[in-house]
Amino acid sequence: MEQRQPQNSPFRGDPFFQERWAFWRYLYGFLAPERRRSALILLYAVVAVALWSYIPKAPRLLEASPTGEVAYVAPVGFSPDLSFGERVKMMILSSQKIWGALLFFCLIPMGIIRFVFRERIADYGLGFGVVRLTLLMSLAMSPVFILVGYFSGALASMLTTYPYSPWILGGERTIGDGKTFMALYFALYFFVYYFSWEFFFRGFLQLGLDSSLGSYNAILIGTAMSTVAHFGHAFPEVLGAVLGGLFWGFWVYRTRSLFFGWWSHALLGIALDFMLIRNFL
């Protein structure tokens with residue numbers, strides 16, 4: 001005898017799920033015109049975040065013990081005889097998280113937008129949008145995010161993840177000696193990693209879902225996925241990812257651009273890496 005469900009039960013939904021062959025029709029239903037776009041975006045987002053998360057981290061430059069003590073670890077393959085070009089090469093090769101972000105969070109989503117959706121990539125938040133507001137927010141909030149990075153750089157727990165490459169200083173032991181390598185690394189960090197990150201979570205995912213799910217749901221899904229991508233990082237950073245997702249998600253709509261989120265998020269990350277090395281090296 002079939003049990004009657006309460007009026008507000010989720011099981012009083014579409015009777016389609018009780019029909020014969022419902023499972024196969026359910027899978028085929030993702031290809032329906034009204035669902036195809038959002039289904040592809042969401043399914044790809046889950047796969048992309050999973051693949052990026054499982055890219056192995058490079059060896060740590062600074063190892064934090066459970067007791068809070070921090071030890072320097074020389075980059076694998078380091079020798080004082082290495083040339084400038086060889087050190088830059090080692091930096092590039094050990095930045096797999098950055099290159100993974102470029103592939104999974106930027107190049108493939110751009111390919112989906114251009115060749116599957118047949119839409120303009122520029123419509124996904126590229127450009128300055130409301131120029132005056134974008135520039136004003138970028139300038140006004142820069143000190144705030146630098147300060148967040150400054151104080152976060154005092155947390156030894158952040159060393160379990162950052163910096164991504166042990167060659168950030170080119171094998172040197174001080175910021176002064178390795179400043180050229182650090183500048184190159186931060187340029188890579190800014191233009192490759194943080195652009196890819198913001199384009200994926202706030203552009204491809206959030207703006208891509210807006211037309212089918214609405215702005216609130218699009219922001220929440222983008223926030224949820226970007227938070228999941230932080231799992232395994234220091235707990236304060238995971239909590240910060242929730243707040244950051246909601247904050248930057250709003251300003252994408254307000255400024256009609258990814259630029260403010262890209263700029264401010266990158267400043268935070270660069271300040272964090274700089275302060276971690278300054279405090280613990």
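Predicted model: local features only at pLDDT ≥ 70, side-chain atom pairs only at ≥ 80, totals over all residues.

Modeller: I start with the whole chain, go on to the core, and finish with its surroundings.

Residues are numbered from 1 along each chain as its sequence is written, and side-chain values use heavy atoms, with hydrogens and water left out.

The chain has nine helices and two strands. These are DSSP runs numbered from the N terminus: helices are H or I with at least four residues, strands are E with at least two. In sequence order the pattern is α-α-β-β-α-α-α-α-α-α-α. Along the principal axes, the C-alpha atoms fill a box of roughly 75 × 50 × 35 Å. Of the 281 residues, 45% count as buried. Buried means under 20% relative accessible area, exposed means over 50%, and partly exposed lies in between, with a 1.4 Å probe and protein chains only. The chain exposes about 15500 Å², and carbon and sulfur atoms supply 67% of that area. Areas come from the Shrake-Rupley method with a 1.4 Å probe; for residues, only the protein chains shown count as cover. A contact is a pair with heavy atoms within 4.5 Å. Take the contacts between residues at least 6 apart in sequence: 77% of them join residues at least 24 apart.

Now the core. A nonpolar core is a set of buried Ala, Val, Leu, Ile, Met, Phe, Trp, Tyr and Cys residues, joined through side-chain atoms within 4.5 Å. The largest one holds 59 residues. Your question has seven names as its answer: Trp 52, Phe 105, Tyr 189, Tyr 193, Phe 200, Phe 201 and Phe 204 touch the most other members. Two or more residues come from each of H2 (33-53), H3 (84-93), H4 (96-116), H6, H7 (215-228) and H9. H6 gives the largest share, 18 residues. In soluble globular proteins, nonpolar side chains tend to be buried together.

Look at Phe 105. Leaving out residues up to four places away in sequence, Phe 105 touches Ala 48, Val 49, Trp 52, Gly 100, Ser 196, Trp 197, Phe 199, Phe 200 and Phe 201.

Another core lies apart from the largest one. It has eight residues, among them Phe 145, Trp 251, Phe 260 and Leu 268.

Stay with H6 for a moment. Gly 203 lies in this helix. Gly 203 counts as buried because its relative accessibility is 0%. Beyond its neighbours within four places in sequence, Gly 203 contacts Tyr 124, Glu 198, Gly 208 and Leu 258. Leu 31 is 172 residues from Gly 203 along the chain, and their C-alpha atoms are separated by 22 Å.

Next, H9. His 265 sits in this helix. Setting aside neighbours within four places, His 265 contacts Tyr 194, Trp 197, Glu 198, Arg 202 and Trp 248. Tyr 194 and His 265 are 71 residues apart in sequence, yet their C-alpha atoms are 7.2 Å apart.

H6 and H9 also supply lining to the largest pocket, each with at least two residues, as do H5 (131-152) and H8 (235-255). On a 1 Å grid over the protein atoms alone, a pocket is an open set of points where a 1.4 Å probe fits, with protein on both sides within 12 Å along at least five of seven lines; lining residues have an atom within 4 Å of a point. Its space is about 530 Å³. Points are joined across faces, edges and corners, and the volume is what probe spheres set on them fill. The lining has 25 residues, and the closest to the centre are Val 148, Glu 237, Gly 240, Ala 241 and Leu 268. H8 gives the largest share of the lining, nine residues.

Arg 256 is in the loop between H8 and H9. Its phi is near 60 degrees, a positive value in a residue other than glycine. Arg 256 counts as exposed because its relative accessible area is 64%.
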